[in-house]
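Good morning, colleagues. Please look at the structure on the screen while I take you through its main features.

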Amino acid sequence: MQPRRELATALHKCKKTLSATGIFSLFINLLMLTGPLFMLQIYDSVLSSQSIPTLVVLFALVTGLFVVLGLLELIRSRVLVRIGINLDHGISGRIFSATMRQSLSPAGNKKFATALNELTVLRQFITGPGPSALFDAPWVPIYLAVIFLLHWTLGVLAVAGAIVLFIIAVLAEVLARKPMAQASVSDSKSRDLSE
């Protein structure tokens with residue numbers, strides 16, 4: 001079996017879990033609107049009527065929703081960790097065997113030993129903030145639409161802020177690409193030397 005097919009097969013086995021992560025992300029992103037809606041209710045209902053019972057009920061409701069949000073975030077992160085572990089278990093045995101065969105052969109390619117390190121990097125990416133950001137990214141237009149519904153000037157300001165953040169992210173990527181490539185080459189040489 002080819003390495004890419006093995007990785008695709010291992011990822012396909014995680015398909016249901018990834019779908020569940022997407023569902024968790026749906027509820028997480030809906031619950032992210034709790035804070036702004038709470039503040040709107042404070043300004044619209046509580047301040048105008050000066051009703052302390054309304055404030056207490058709203059505060060209790062928002063506290064409960066934030067607890068649910070925290071639990072969903074925790075569950076989503078644990079699910080992503082589980083996906084990373086399953087992916088590691090699904091592929092690592094074959095990679096380790098191939099690495100050992102290559103290292104024992106007289107004309108072995110020492111570069112092949114970095115495959116285990118690359119698997120570790122892949123697992124760390126899956127268990128890190130990257131996939132969560134990928135699941136949350138489709139919600140940006142919805143949030144911007146909600147802001148436009150509040151007032152068009154707030155929407156324009158939010159879009160301008162999103163554009164500025166995007167430009168900063170692209171510049172950071174472009175500026176960091178060369179140093180990161182050099183660091184990767186140095187790391188690879190260091191590993192080769194130690195092996």
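**Surface, fold and salt bridges**

The chain has an accessible surface of about 13,700 Å², and 72% of that belongs to carbon and sulfur atoms. Please bear in mind that this is a predicted model. Of the 195 residues of the chain, 22% count as buried.

Let me turn to the fold. The chain contains eight helices and zero strands, so from the N terminus on its elements run α-α-α-α-α-α-α-α. Among contacts with a separation of 6 or more, 75% are between residues 24 or more positions apart.

Next, the salt bridges. How many salt bridges does the structure hold? There are three salt bridges. I begin with Arg76, whose side chain meets that of Glu73 in a salt bridge at 3.3 Å, N to O. Both residues lie in helix α4, residues 52–104, and they are three residues apart, about one turn of the helix. Is Arg76 buried or exposed? With a relative accessibility of 2%, Arg76 counts as buried, because buried means under 20%. Glu73, by contrast, is partly exposed, with a relative accessible area of 29%.

Arg76 also meets Asp136 in a salt bridge, at 3.0 Å, N to O. Asp136 lies in helix α6, residues 129–136, whereas Arg76 lies in helix α4, so this pair ties together parts that are 60 residues apart in sequence. Asp136 counts as partly exposed, at 22% relative accessibility.

The remaining pair is Arg177 and Glu173, with the closest N and O atoms 3.5 Å apart. Arg177 and Glu173 both lie in helix α8, four residues apart, again about one turn of the helix. Glu173 counts as partly exposed, at 45% relative accessibility. Through shared partners, salt bridges join Glu73, Arg76 and Asp136 into one network.

Helix α8 brings me to a surface feature. Ile163, which lies in helix α8, residues 152–194, belongs to a nonpolar patch on the surface together with Phe166, Ile167, Val170, Leu171, Val174 and Leu175. Together these residues have about 690 Å² of accessible area. Ile163 itself is partly exposed, with a relative accessible area of 46%.

Finally, I come to the second largest pocket, which holds about 200 Å³ of space. The elements that give two or more residues to its lining are α3 (34–49) and α7 (140–150). The largest share, four residues, comes from α7. The lining includes Leu37, Leu40, Tyr143 and Ile147.

Thank you for your attention.

Technical notes: Residues are numbered from 1 along each chain as its sequence is written. This is a predicted model: local features need pLDDT of at least 70, side-chain atom pairs count only at pLDDT 80 or more; totals for chains, interfaces and linings use all residues. Side-chain values use heavy atoms; hydrogens and water are left out. Patches are made of residues with over 30% relative accessible area and no salt bridge: like charges are joined within 9 Å, nonpolar side chains (Val, Leu, Ile, Met, Phe, Trp, Tyr) within 5 Å. Accessible areas come from the Shrake-Rupley method with a 1.4 Å probe; for residues, only the protein chains shown count as cover. A salt bridge is a side-chain nitrogen of Lys or Arg within 4 Å of a carboxyl oxygen of Asp or Glu. Buried means under 20% relative accessible area, exposed over 50%, partly exposed in between (1.4 Å probe, protein chains only). Contact means heavy atoms within 4.5 Å. On a 1 Å grid over the protein atoms alone, a cavity is a set of points where a 1.4 Å probe fits but cannot get out, and a pocket is an open set with protein on both sides within 12 Å along at least five of seven lines; lining residues have an atom within 4 Å of a point. Grid points are joined across faces, edges and corners, and a volume is the space filled by probe spheres set on the points.
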